[in-house]
Amino acid sequence: VFHQNVKDIFYDYDSYDIRADAQSTISQDANFLNQHPGLKVVIGGYCDERGSTEYNLALGENRANAAKQALVTAGVSPERLRTVSYGKEKQFCTEHDESCWQLNRRAQFSLDK
């Protein structure tokens, strides 16, 4: 039920700004989380393969924190949200093209155990 209602958001290359097309996703995610106040969430920040490991760890952290702040702004308690950066270490797609890289540039929401 969680993953049917809380969707990942995606980022542009070399950016951690919440895109316009992700605003409605964040709103829907926040609505679900606000209706289920007992849930705690881990927000993972991911990057594509380009750039150094260190750079992408920092960028992933900024992406996770931007998603967290957007949820907090939408009314989700910050105590329910934890962030982690995976940088470019956990690629979902391994092709070397823009469509694949886009899938890897995201903030992913998971239940915090």
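The charged end of Arg50 sits over the ring of Trp101, at 3.7 Å from the ring centre; a charge counts as sitting over a ring if NZ of Lys or CZ of Arg is within 6 Å of the ring centre and within 35 degrees of the ring normal. A second contact of this kind places the charged end of Arg106 over the ring of Tyr46, 3.8 Å from its centre. The model is a predicted one, in which local features need pLDDT of at least 70 and side-chain atom pairs count only at pLDDT 80 or more, while totals for chains, interfaces and linings use all residues. Residues are numbered from 1 along each chain as its sequence is written, and side-chain values use heavy atoms, with hydrogens and water left out.

Tyr46 also takes part in ring pairing. Rings of Phe, Tyr and Trp (its six-membered ring) are paired if their centres lie within 6.5 Å, with planes under 30 degrees apart called stacked, over 60 edge-to-face and the rest tilted. By this rule there are three aromatic pairs. Tyr46 and Tyr86 are stacked, with 4.9 Å between centres and 25 degrees between planes. Because Tyr46 lies in strand β2 (residues 41-46) and Tyr86 in strand β3 (residues 81-87), this pair ties together parts that are 40 residues apart in sequence; helices (H or I, at least four residues) and strands (E, at least two) are DSSP runs, numbered from the N terminus. Tyr46 is buried, at 6% relative accessible area, whereas Tyr86 is partly exposed at 24%; buried means under 20%, exposed over 50% and partly exposed in between (1.4 Å probe, protein chains only). Tyr46 and Phe92 form an edge-to-face pair, 5.7 Å centre to centre with 80 degrees between the planes. Phe92 lies in the loop between β3 and α4 (98-104), so its pairing with Tyr46 in strand β2 joins parts 46 residues apart in sequence. Phe92 itself is exposed, at 54%.

Turning to charge pairs, the whole structure holds seven salt bridges, each a side-chain nitrogen of Lys or Arg within 4 Å of a carboxyl oxygen of Asp or Glu. One of them joins Arg105 and Asp48 at 3.2 Å, N to O. Arg105 is buried at 2% relative accessibility, and Asp48 is buried at 3%. Arg105 also bridges to Glu98, with the closest N and O atoms 2.7 Å apart; Glu98 is partly exposed, at 41%. Arg50 returns here, as a network of salt bridges links Asp48, Arg50, Glu98 and Arg105.
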